[in-house]
Amino acid sequence: MKTRHLAIAAGFIAAAATAIAPAQQAREGVAQLKGVKGNVLLSRQTGLAAGGEATRITEHTRVITTANSEVVVVYDNGCEVRLKENQRFEVEMDKPCAALIAQAQSVLVEPAGTALNAASASAVFFWVVLPAVGVSTLGANVLLGPGPSPQTLSLSPS
Amino acid sequence: MNAAALRAGVLAVGLLLAWRIVQVNVVLYDENGQARLPATAATGVNAPSLDRELLHRVLDRNPGHVVALLHLAREHERAGDAQKARQAYDAAYALAPLDRDVLGAVADYYLRLGSNAEAIALLDRLVDAYPDARALAFPVLGKLLLAHAQPAAWSAIAARKAAWIGPFIELSCRQGMDPAALVPLLLPRVADRRAAADEIGCIVDHMRDADRWAEAYQVWLNTLPRERLGDVGFVYNGSFEFASGGVGFDWRLSRARERDSGHVVETPQAAGVTGQRALRVSFNGKRQAGIPVMQYVALEPGRYEMSGLARPQSITAGRGVQWTLRCVKQGQVQPALANSERFVGSSEWRRFSFEVAVPNDCPGQLLQLEPLGLADGTVYLAGTAWFDDLVLRRLR
């Protein structure tokens, strides 16, 4: 009888331990994901894996979003870093919140022509489009191509 | 004597008349008695000038003669009469808004004016309706795209899912255009499942060859279906459960004919493996050509352990095969950073592993199964090699 009580007690302890263990595991890390929309990926020991709402994140984890996705990385100290689509962010601890927020960066770099456009809209045409216009200044024949046109300009001989 | 000279003179006059008849009826005038004048293909700036009076006479007879209108517009433009030129171009477009020559000539005119939005809209219609005009118009569109001219116009084209965008992406990419400029056009097509593997592959490959690995990887990630993003891993699809797409950072299985390559690569169902399938490379005992299996990976600098399951079966001829990880810089494969044990002879499934240290100057890598000695000369291999559960794990 005593053995049976001991076995039941041991069972309760084991059950309690297994319930507590995930809770403790869930508190590992320094931040968690909030407002997950679309595909959010986290760097793990064996590479990228999907992250979900409230997933805990350890230091040096990289958070990556894909197209039409966004997420907020919420540090335990309250700092929130918002990632828009196609951005990445590495979870670090030794920086002020403003620096962390500024660290979220787009992975897909805009081409040089775009940057030039933003810097000087009026210069874009002369520096970038000019070659295209240069091609076009050869005339419509460049666009229309060589060879006879199906339509011929005609005039009566009379 | 006089009679002979007379005959010769008559003959000469006859020939002259015959030549003139041929010239008038075949060369100068068409079968309807209409004079043949230069076609619109010569409407450009460098085209010979046409008499405006002549053009007006044509238009008096037929006010809907759009080619004459284009010529007239060209002449007014040449003379510096911008208002009349515009009126003539607009009239031609109003009369024949889907005519190939009108679309091309008016688009060209707007390009000269710097009215890029109008030009893009016309070029859109031109390449949409006339695929044969794409080779000429795509480079112009490419320059406009690179210049970020009229993003709203491009957004409208992307939104209406124009059929020419796919060929435009592929051709522009192959002609060396900055692939980053093409990504905004590609991603909506990926979302709609309309992007072809060649479009994706070209953009990812060009970025990777330019050592823009992070961008290349990001573009490729965007092309994966949601269900595959659950566990991408450093080695993608290391258990070979999914069919290889052969694009980006997916497995690239040799598609060469067995008689050319000396091997066959498959991912059949197999017993005793992780999941349902495994990689099987069958070597036919003949001379080996090329790498049977490879995958680009994008590892940050650091230490890793590569592991997997292997089962060599009767690998007799040759020195066997091994997995290698090599740096890739500017599209060039470098000497191996590390390699696995050699797989020779026969064994049951067994686990193998090896460590890799990725240096700082190694922007991206190539994981591949190599017949030993392939780089040194002729290699003959027989037997079968099975692999499964390939994983790269970061070591702290």
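Which handedness does the crossing of H5(B) and H6(B) have, left-handed or right-handed? Here are a few friendly notes on this predicted model.

1. To take the opening point directly, H5(B) and H6(B) cross in a left-handed manner. The helices in question are H5 of chain B, residues 100-113, and H6 of chain B, residues 116-129. Their axes lie 8 Å apart, and the packing angle is about 160 degrees. Angles over 145 degrees count as roughly antiparallel, and H5(B) and H6(B) are therefore roughly antiparallel to each other.

2. Now for the residues in this contact. H5(B) contributes Leu103(B), Gly104(B), Val106(B), Ala107(B), Tyr110(B) and Leu111(B). From H6(B), they meet Glu118(B), Ala119(B), Leu122(B), Leu123(B), Arg125(B) and Leu126(B). By class, the contact of H5(B) with H6(B) holds 9 nonpolar residues, 1 polar residue and 2 charged ones.

3. Chain B also has a sheet worth a look. It is an open sheet of 5 strands, ordered S3-S4-S11-S6-S9, with antiparallel pairing. The edges are taken by S3 (263-266) and S9 (350-358) of chain B; each has a single partner strand, so one side of each is left without a neighbour in the sheet. On average, and ignoring direction, neighbouring strands of this sheet are turned by 25 degrees against each other.

4. Within that sheet, please look at the pairing of S4 with S11. In chain B, S4 (residues 279-287) and S11 (residues 380-395) run antiparallel and are joined by 7 bridges.

Note on methods
Residues are numbered from 1 along each chain as its sequence is written. Chains are lettered from A and ligands numbered from 1 in the order in which they are written. This is a predicted model: local features need pLDDT of at least 70, side-chain atom pairs count only at pLDDT 80 or more; totals for chains, interfaces and linings use all residues. Axes are lines fitted to C-alpha atoms, for helices over the stretch in contact, and angles run from 0 to 180 degrees between N-to-C directions. Helices (H or I, at least four residues) and strands (E, at least two) are DSSP runs, numbered from the N terminus. Angles under 35 degrees count as roughly parallel, over 145 as roughly antiparallel, 65 to 115 as roughly perpendicular and the rest as oblique. A crossing is left-handed if the near helix is turned anticlockwise from the far one by less than a right angle, and right-handed if clockwise. Two residues are in contact if their C-beta atoms, placed from the backbone, lie within 7 Å. Ala, Val, Leu, Ile, Met, Phe, Trp, Tyr, Cys and Pro count as nonpolar, Asp, Glu, Lys and Arg as charged, and the others, Gly among them, as polar. Two strands pair if DSSP finds at least two bridges between them.
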